[in-house]
Amino acid sequence: MYQMFLGGALRVKAAALAGGAWSKQWRRWAPVAVLVGLCIIIGLFNPNFFGGANFVRMLNTAAIPLVICMGVTFVILMGSIDLSAEGVIAICAVAASMLVANDFTGIAIGLFSVPAAILIGSLVGLLNGFIHVKFRIPSFMTTLGMGFAGIGLATAILGGVMVRISDSSFRDYLSLGRVFDIPAAVYIAGVAVIVAYVIQERTRIGRWVYAIGTDEATARNAGIPVDRTRIIVFGIAGAFYGLAGALSAAQIGRGHALISQDRLFTAITAIVVGGTALSGGVGSVLNSVIGVFIVIVLTNGMVLMGIEPYVQKGVQGLLIIAAVALALDRSRLDVVK
Amino acid sequence: MTTPVLEIRNVSKSFPGVKALDDVSFAINKGEVVGLIGENGAGKSTLLKVLNGIYQPDQGSIFVDGHPVTITSPRHAFDSGIAMVFQEQSVLPTLTVAENIFLGREEEFLRFGLLSKKRMNAAATKELAKVHLSVNPAMRCGDLSFADRQMVEIAKALSLDTRIKGHVTILLDEPTSVLEKREADLLFSIVRDLKSRASFVFISHRLEEVLEISDRVYVLRDGKSVKELESRDATVKDLHQLMVGRQLHHEYYREARQAVPSATTVLEVQSLTKSGSFSNISFALHEGEVLGIAGVIGSGREDLARCLAGHTPFDSGSLKVKGEQVHFSAAYDATAKGVGLVPAERKVEGLVAPFTVAENMTLAALPKFVSGFRIRFADENAVARQWIERLSIKTPSTATMVGSLSGGNQQKVVLAKWRIAGVNILILDHPTRGIDVGAKEDVYELIRDMTAEGLAVILLGDTLEEVIGLSNRVLVMRDGEVTATFEAAPGNKPAQVDLVSHMV
Amino acid sequence: MKMESRTRLQTWLPLIVLVVLVLLVGLYDRTFFSAGNMLEVTADTMTLFLMASGVTLVIMIGGIDLSVQAVASMTSCILAVYLPRFGIFAIPLAVIGGVIAGFAGGYVSTRLRIPSFIATLAVSGVVLSAGNWFSETKSVVIPGELSQTYLTWAVGDFLGVPNEIWVGVAFLLVLSAVLGLTPFGRLVRGIGAQERAVMASGIDVDRIKIAAYTLSGTMAGVAGIVMAARLGSGSPTLANEFLLPAIACIVVGGTAITGGVGSIWRTFVGALIVQVVRIGMTFIGVSVFAQQIVFGFILVAAVAVTMDRAKVLVIK
């Protein structure tokens, strides 16, 4: 009988799909439309928006959120959530800043600190995934605890002080140096997006993420190692946080525990606004790229229009609510917790 | 004698309260198409799930090409040469056609760790050609029509044929229920084409189709294999008789205890329609009447029951309770009008397991037990005790957690809940599912008592016997429509086979 | 039988843990056992308990409220800013701020069908902006004489017991009564245990859920007021770093995040455990920063122990 319900529900859904092709297309392209619309509106209010310098500024601001979002997107596509980004980034930023020439430790391994940060990030991510899968604790709890622990660890290592980075080539290569007037961080973020896209489209893990996010039981039946995939995906997310940590340290030239403050909130806003569904299976890292630019353009626009910066968080909160409410496929869930 | 490609011997499988498979043996030879028929709950789907590795049998053994095997998962079944086309589609809407076909088996398209979509799509095109489906393999399945997705599902199972050496078996669970005649015919021609390479097990409630396509037919009843016959020797009518089995007399039905309904209409349903589930359902329900609804899985009767209780919305038509036009946006609207549902999934929707017997009983009538802000626990307990006695519920006390009671006693608590809430229309969705024989008889008695007190009951029974025995009238549904209405007054009960002929 | 003894153990375990921890810390430093010290420790715990008490209800229905620290900060700002202008009425005004924030979280989560952790996270963003708006992003000092006039109920003492404790115990009793005696409390438990059965019994589940979120916001608001009274100022970041301990004390007390099981007194005990652990760590020289790590792990461990895995088939 239960199967009959499923059958019935599916058939209804199929009918809705046939009739809703247009609305489906609209949904797919809505984030792009929103981005273009925003640019036009802000440009009308303030012509400075379209200046080259402003574009470079926005690209630079977008770099680190882009890298973070590449990680979080995979976890959300899988139907889970990762709230640990800030903590992991803090650990990795502190680690990276302590591994290059600095005023805190005697170590100076230069650019090797980048793979080191990525490695540390992915290890913490794997730990996230391991605890979540093996102890069967919901991901939001695991990663919430882990995120707090990460910030605590970063603070504890430094005892509340900051590490100053004296390795200027590290900062140049990762963030400040410019090619064609565009900062290095933007190129690195671009590479991160390409890597994420290749993982998503051209690897088994990438495809399995969608399968698990859409219907875990079917994925299991098809022989997909669901538990292992989940752990690996949290590890991949951690690797992106590691890179984001190194970029953050290079950008401000310091490492400290609060370096990633508010990053998570922005990342989730961007992903959700970009059209990736929290229920899993729907969306893409490219959606998140659009989402990041929506958030950045909006923030930039508000600054240009002279709106107080503290309002931004409120606007992001409203954006999350609006985007999720518009995009959520309510037929899929009857009990929401 | 040739060795069967797939054989099961003396397989049994039990679920709490029900023996789904009871000592079933079954074999399928090379190039053979075997039909599997039976009423709801006869064990067809359970049998396929055992073959597909979703369920492990409690007893008995499975042989592939004469070798004993233990099938641990659907993937393992696939690697052993057994693939299944699911009744509820397992095609993932967010993946492309090609990705769905090769889900979990992408290794062969990997090059340096990366997937070659080109090769994958080319391979998928070949598989799709087998089912004569000319869609772009790079298209997302969510963008396909329902029938096309069903064909992708079939192509996915058929892909086994080129991936596995040796003979393969494909299990088709109601593959035609969502297909048009033309598509079903296409499916049958594909099946015939592939007989040299594959064997098929075919389940359908459309008996004509079963006879048309299969070489042999097994009839299951109550988890037992009751008959095995050659298709060319059988008629649809024979199959009907075999499916229902024994003839029952009026003593079994306790017809004398059955209440006589009054002429007062309490519920009037006018051309109720829910797209994809049922259409144009009309009937009237009277005080003291039991209206049975018979139908197989997919007949739409379960969804109809849920609509009547406000659990899900319907698309069009009207609902009148005691002459008043009503609109149910949620279960609480229905409850307010005196309509309650005893759900099939007792542990999910019927009861709050960690609640006590008393707490469960008063759940639908809580405001009656509140003064100010406070629940009157003494009153609550008194009423609970009263109903425990009245329905002879076996429980240590009113404070016992309901989850620790037996299935039959749990069901009585659910019934007590609705009686305390004072509903006058009660919809019973498989009220005896998962409870033992003695307790079933108790539930039947309670239904007879209720109607004697003037309640109107809509009954979706587990078995035809149950429906015929308890009802005053029986509606038969097939594919979402009412196909027949039978009077079932005491002394004038319809035969099971008459109902079945309108059900399938 | 086995199941019963297990539930009994789970009921008393937090209390046993608390007693053992108190004894351990007391052995390390005898002055810990003095009545004055005990009262002080308890009084220090009360703001945390107040904040966690409301979230307990939300966790019991199977949701989560991540907005409480932002709400508490906001109400501290409302109190500090409006106390000079409106006098005593600033207190209900601040509470109303909490009510609205809690209602918003509940409404967004249930009516728009957004998972609660995202809904409340989003609302906390809005609330944070509101707090900044009220206080103009600054820390606002409450003048001493106003505190004397209006806030002694929170910071003074009565019969030698700090008033924070009276306030905390009063809310402990009231919320326990709400949970134990009213239909609302029973339905909160029922929704957490088996939401679909409660829904099928003809109960407007959304209304109960929204009410639970609203109470959570209200209690966070009260916590913010007491916090501001104790510190003599309100600030948009006042309650930062409170969310994790608040959730920790709920699960450490034995309330399962899968919903259905829990109580306010458990959270009370849990809050005391968190506080004693914190004091213990300070004694043995664990830095304040590193304590966050310990709480992160305690949280995950406590969730692992208390949650009912049978209830969720797919853990996301």
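Begin by selecting chains C and B: 19 residues of chain C are in contact (heavy atoms within 4.5 Å) with 27 residues of chain B. This is a predicted model, in which local features need pLDDT of at least 70 and side-chain atom pairs count only at pLDDT 80 or more, while totals for chains, interfaces and linings use all residues. Residues are numbered from 1 along each chain as its sequence is written, chains are lettered from A and ligands numbered from 1 in the order in which they are written, and side-chain values use heavy atoms, with hydrogens and water left out.

Staying at this interface, the rule finds four salt bridges across it, a salt bridge being a side-chain nitrogen of Lys or Arg within 4 Å of a carboxyl oxygen of Asp or Glu. Select B:Glu349 and C:Arg196 next, whose side chains meet in a salt bridge at 3.2 Å, N to O.

Now move to B:Arg216 and B:Glu32, which form a salt bridge with their closest N and O atoms 2.6 Å apart. B:Arg216 is buried (under 20% relative accessible area, with a 1.4 Å probe and protein chains only) at 8% relative accessibility, and B:Glu32 is buried as well, at 10%.

Then select B:Lys117 and B:Glu99, where a salt bridge of 3.5 Å, N to O, joins the side chains. B:Glu99 is buried, with a relative accessible area of 4%.

Finish at B:Arg448 and B:Glu445, a salt bridge whose closest N and O atoms are 2.8 Å apart; here B:Arg448 counts as buried, at 6% relative accessibility.

How values were computed:
Buried means under 20% relative accessible area, exposed over 50%, partly exposed in between (1.4 Å probe, protein chains only).
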